[in-house]
Amino acid sequence: MIEDRDTLLGLWQRMTRIRRFEERASTDKEADLLEGYIHNYSGQEAIATGIITQLRADDWITSTYRNHGHSIARDVPLEAMTGELLGRTTGVCGGKGGSMHAVDQDLGMIGGMGIVAGGMPIAAGAALAARRRGQDRVAVTFFGDGAVHQGAFHESMTFAALFNCPVIFVCENNLYAETTAVDYHLIAGSVIAMAEPYGVHATQVDGMDVFAVRDAAEQLIARARYTGRPALLEAMTYRYGGQYEGDTQTYKPPQEVAQWRARDPLLTFRRRVTEPGLLTHGDLDEVAERSRVEVADAFAAAALAPWPDPSVLLTDVYTEIS
Amino acid sequence: MAITMAQALNTALHDAMAEDDKVVMFGEDVGILGGVFRITDKLQERFGEGRCFDTPLAESGIVGTAIGMAMYGYKPVVEMQFDGFTYPAFEQIVSHLAKMRNRSRGTVQLPVVVRIPFGGGIGAVEHHSESPENYFAHVAGLKVVSPGTPSDGYSLLRESISSADPVLFFEPKRRYWLKEDADLPVRTEPFGRAVVRRAGTTATLFAYGPMVRTCMETASAAEDEGWDLEVVDLRTLNPFDSATVVESVKKTGRAIVVHEAQVFSGFGAEVAAQVAERAFYHLEAPVLRVGGFDIPYPAAKLEEFFLPDVDRILDAVQRSLSF
């Protein structure tokens with residue numbers, strides 16, 4: 001495959017931004033510098049990056065409380081993300097959403113939902129709206145393996161298949177539903193097996209390989225855009241951290257993290273592009289360093305940004321204050 | 001001419017869909033059948049399957065899909081066939097429909113109407129006779145509406161559909177066949193305005209939805225006792241018209257709240273609290289509440305003992321007067 005240099009660097013930039021962002025969020029949470037819960041996306045960068053870079057500007061995504069990666073991959077400005085984590089007015093929701101609920105309508109980021117399957121029917125509805133209006137926009141709804149047991153998953157797939165909603169269900173199977181292992185809870189054996197009865201086209205992919213994710217996404221998105229049919233992508237991955245920052249993770253086998261880290265999406269990318277000489281280590285290091293600085297600057301800027309005035313508590317609840 | 005509540009609601013949907021092609025109606029059996037109560041009668045025939053369509057029996061999917069469509073240009077009206085069927089959609093309504101505007105700093109508007117035929121009186125037992133309005137009155141970001149007359153059924157539904165905020169619209173199903181002389185289209189008072197249905201001096205009955213009619217019957221019966229009851233129709237629980245409520249209590253000095261929902265922690269508690277806070281020195285007696293007992297909704301042969309009726313309301317008036 002011929003890979004364009006700028007495209008490769010774009011993938012690398014997003015993955016390194018996400019990784020540096022999540023490392024910093026983790027450190028800051030441990031130091032008690034952040035408000036609320038933080039759900040770390042480290043280990044899953046290839047999925048958000050591989051899929052979202054295949055979307056058009058007018059497409060939509062929904063995410064969950066683990067939404068930092070999706071937001072950053074969708075190019076929500078880093079300062080808008082750090083502002084939100086620190087609860088400042090510069091946050092993407094003006095400090096009213098918090099880490100779990102990034103929303104950016106201009107970028108088609110419908111939002112991070114605190115309920116695991118919450119975004120799925122909403123994505124289906126957006127896709128249905130597009131279809132009914134004769135537009136070829138698609139919606140991607142990201143969720144974890146734990147979400148497939150909620151009714152909304154099954155209801156959304158039924159709706160999408162029945163009404164021809166061009167929505168791509170992306171399950172990031174990171175082996176844990178909160179702290180419960182997929183071996184225990186995923187009674188169907190896989191998530192793609194659960195799509196079959198609904199007539200939803202489903203593919204499983206190595207979620208640690210951004211190229212594999214991207215190529216699968218390209219096909220599924222084009223298919224949804226052209227036919228209006230829904231699809232499901234199950235990306236096999238691993239959550240390096242806990243369900244949330246502070247999770248003791250005693251439920252993970254000791255060797256498991258190391259095994260998955262050996263397949264790290266950033267390391268994999270580095271090998272895949274340097275071995276054939278597509279990019280040099282120097283190219284990659286330069287971008288990675290820039291990402292580190294951007295993230296550091298964004299956290300520093302957020303720390304200096306103003307807190308919301310308490311009066312914002314009463315705004316935007318209804319159209320007009322009655 | 002005489003119209004029923006069902007006709008008024010059906011006409012409101014027809015008129016709203018004719019006026020604005022972004023209004024769509026979907027839910028369980030609303031298309032081909034026209035709804036189990038025929039409130040969506042002939043919508044599909046007139047506007048096509050694209051505008052009025054049947055869905056799977058999946059309430060969370062119905063409301064979630066409505067949210068997504070509302071974000072991108074539509075004004076969905078969805079039906080929850082029966083009150084108890086709203087519970088599977090609770091998560092989408094409370095966690096997403098109600099909160100998106102706030103979370104997005106007002107960039108997301110969700111003009112969604114969730115129509116809910118609610119309440120008892122038709123022998124339909126639990127899940128089909130419930131009064132869940134107060135669950136939603138408790139949620140910031142939702143408007144909660146319940147018409148008690150056919151005119152209000154028409155006007156409040158039209159206002160709900162044109163509202164930029166999500167509305168939970170509670171239709172008193174036992175009053176679908178209630179008649180009133182009115183010409184459609186009709187515009188009544190807007191959201192946030194309670195209406196004095198019958199002026200009186202002895203005590204005030206506060207009600208909404210199905211109990212408005214029951215309170216009017218009670219006021220007629222009370223004339224035999226020499227009592228001149230005032231009946232206030234609250235119409236919209238949120239926004240709540242405390243000014244009209246307080247004004248009435250200042251006049252009569254006695255307040256009795258009537259609803260089908262169980263009394264404990266029901267909407268009557270909110271009315272009582274507002275009256276206590278704003279009209280305490282005008283009260284001649286404690287605010288009383290008449291409602292369902294604190295039990296699951298009973299079986300058909302027992303519901304007449306559960307639902308507030310003229311006798312129970314008159315008994316409350318007597319207790320208030322003898323305080």
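Tutor: In this predicted model, 42 residues of chain B are in contact with 37 residues of chain A.

Student: What makes a residue of chain B count as being in contact with chain A?

Tutor: The criterion is heavy atoms within 4.5 Å; 42 residues of chain B and 37 residues of chain A are in contact on that basis. Between them the two chains bury about 3,300 Å², and carbon and sulfur atoms account for 62% of it. B:Tyr72, B:Arg103 and B:Arg105 supply 24% of the area that chain B buries against chain A, more than any other three residues.

Student: How many salt bridges are counted between chain B and chain A?

Tutor: The count is 0, although the structure holds 35 salt bridges over all chains.

Student: Why is the pair A:Glu3 and A:Arg214 called a salt bridge?

Tutor: The rule asks for a side-chain nitrogen of Lys or Arg within 4 Å of a carboxyl oxygen of Asp or Glu. The closest N and O atoms of A:Glu3 and A:Arg214 are 2.8 Å apart, so the pair qualifies. The pair links distant parts of the chain, 211 residues apart: A:Glu3 lies in the segment before α1 (5-30) of chain A, and A:Arg214 in helix α9 (residues 210-227) of chain A.

Student: How is chain B divided into domains?

Tutor: Chain B consists of domain 1 (2-181) and domain 2 (195-321), and 26 Å separate their centres, taken over C-alpha atoms. In contact there are 28 residues of domain 1 of chain B and 25 residues of domain 2 of chain B. The area buried between these two domains is about 2,100 Å², with 53% given by carbon and sulfur atoms. B:Asn134, B:Arg174 and B:Arg175 supply 20% of the area that domain 1 of chain B buries against domain 2 of chain B, more than any other three residues. Across this domain interface the rule finds 3 salt bridges.

Student: How do you know that B:Asp152 and B:Arg235 form a salt bridge?

Tutor: Their closest N and O atoms are 2.6 Å apart.

Student: Why are α3(B) and α4(B) described as roughly parallel?

Tutor: Helix α3 (residues 59-71) of chain B and helix α4 (residues 90-97) of chain B pack at an angle of about 30 degrees, with their axes 7 Å apart. Angles under 35 degrees count as roughly parallel, and therefore α3(B) is roughly parallel to α4(B). The contact is made by B:Ser60, B:Val63, B:Gly64 and B:Ile67 of α3(B), together with B:Gln92, B:Ile93, B:His96 and B:Leu97 of α4(B). These residues divide into 4 nonpolar, 4 polar and no charged.

Student: Which peptide bond of B:Pro185 is cis, and where is this residue placed?

Tutor: The cis bond joins B:Leu184 and B:Pro185, with omega about -5 degrees. B:Pro185 is in the loop between β8 (179-181) and β9 (195-198) of chain B. The bond from B:Asn238 to B:Pro239 is also cis, omega being near 5 degrees, and B:Pro239 is found in the loop between β12 (236-238) and α9 (242-252) of chain B.

Technical notes: Residues are numbered from 1 along each chain as its sequence is written. Chains are lettered from A and ligands numbered from 1 in the order in which they are written. This is a predicted model: local features need pLDDT of at least 70, side-chain atom pairs count only at pLDDT 80 or more; totals for chains, interfaces and linings use all residues. Side-chain values use heavy atoms; hydrogens and water are left out. Axes are lines fitted to C-alpha atoms, for helices over the stretch in contact, and angles run from 0 to 180 degrees between N-to-C directions. Helices (H or I, at least four residues) and strands (E, at least two) are DSSP runs, numbered from the N terminus. Angles under 35 degrees count as roughly parallel, over 145 as roughly antiparallel, 65 to 115 as roughly perpendicular and the rest as oblique. Ala, Val, Leu, Ile, Met, Phe, Trp, Tyr, Cys and Pro count as nonpolar, Asp, Glu, Lys and Arg as charged, and the others, Gly among them, as polar. Domain bounds come from an automatic or database domain assignment. Buried area is the accessible area (1.4 Å probe) that two parts lose on being put together, summed over both.
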